[in-house]
Amino acid sequence: FQNGIIRLKLDGRRTNIKSQMLLGFYSSGLALSRVDIHCREIEIVIHYNVKTRGQVSARASAEEVMNLSQGRLSSEQFFIQIGY
């Protein structure tokens, strides 16, 4: 947690990036609903290693993440809103 941004770093495979992003954002939203932390954004960073090392990241506002975790947004709507 730094400057109002929560950064979650994950290790993964290159074949399931979108599902890992969804799980990371969804889990972050659940955690935010259970604790009293105020943040602006959530950033998910996925590191993968397939022949060469790489990383993919995405950011979403805390409000969008909360809407996802509380079922007010479908996964498709969420990814459209964050431009992923």
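Which residues in α1 meet which residues in α2? Let's take a look.

## What you're looking at

This is a predicted model, where local features need pLDDT of at least 70, side-chain atom pairs count only at pLDDT 80 or more, and totals for chains, interfaces and linings use all residues. Residues are numbered from 1 along each chain as its sequence is written, and side-chain values use heavy atoms, leaving out hydrogens and water.

## Two helices that cross

Helix α1 covers residues 17-34 and helix α2 covers residues 62-69. (Helices are DSSP runs of H or I, at least four residues, and strands are runs of E, at least two, numbered from the N terminus.) They pack at an angle of about 95°, with axes 8 Å apart; axes are lines fitted to C-alpha atoms, for helices over the stretch in contact, and angles run from 0 to 180 degrees between N-to-C directions. That makes α1 roughly perpendicular to α2, a label for angles of 65 to 115 degrees.

So who meets whom? From α1 come L22, F25, Y26, S28, G29, L30, L32 and S33, and from α2 come A62, V65, M66, L68 and S69. Contact here means heavy atoms within 4.5 Å.

## Zooming in on S69

S69 sits in helix α2. At 8% relative accessibility, S69 counts as buried, meaning under 20% relative accessible area with a 1.4 Å probe, protein chains only. Leaving aside neighbours within four places in sequence, S69 is in contact with Y26, G29 and L30.

## One more residue

I82 touches F25, A58, R59, A60 and E64, again not counting residues up to four places away in sequence.

How values were computed
Angles under 35 degrees count as roughly parallel, over 145 as roughly antiparallel, 65 to 115 as roughly perpendicular and the rest as oblique. Buried means under 20% relative accessible area, exposed over 50%, partly exposed in between (1.4 Å probe, protein chains only).
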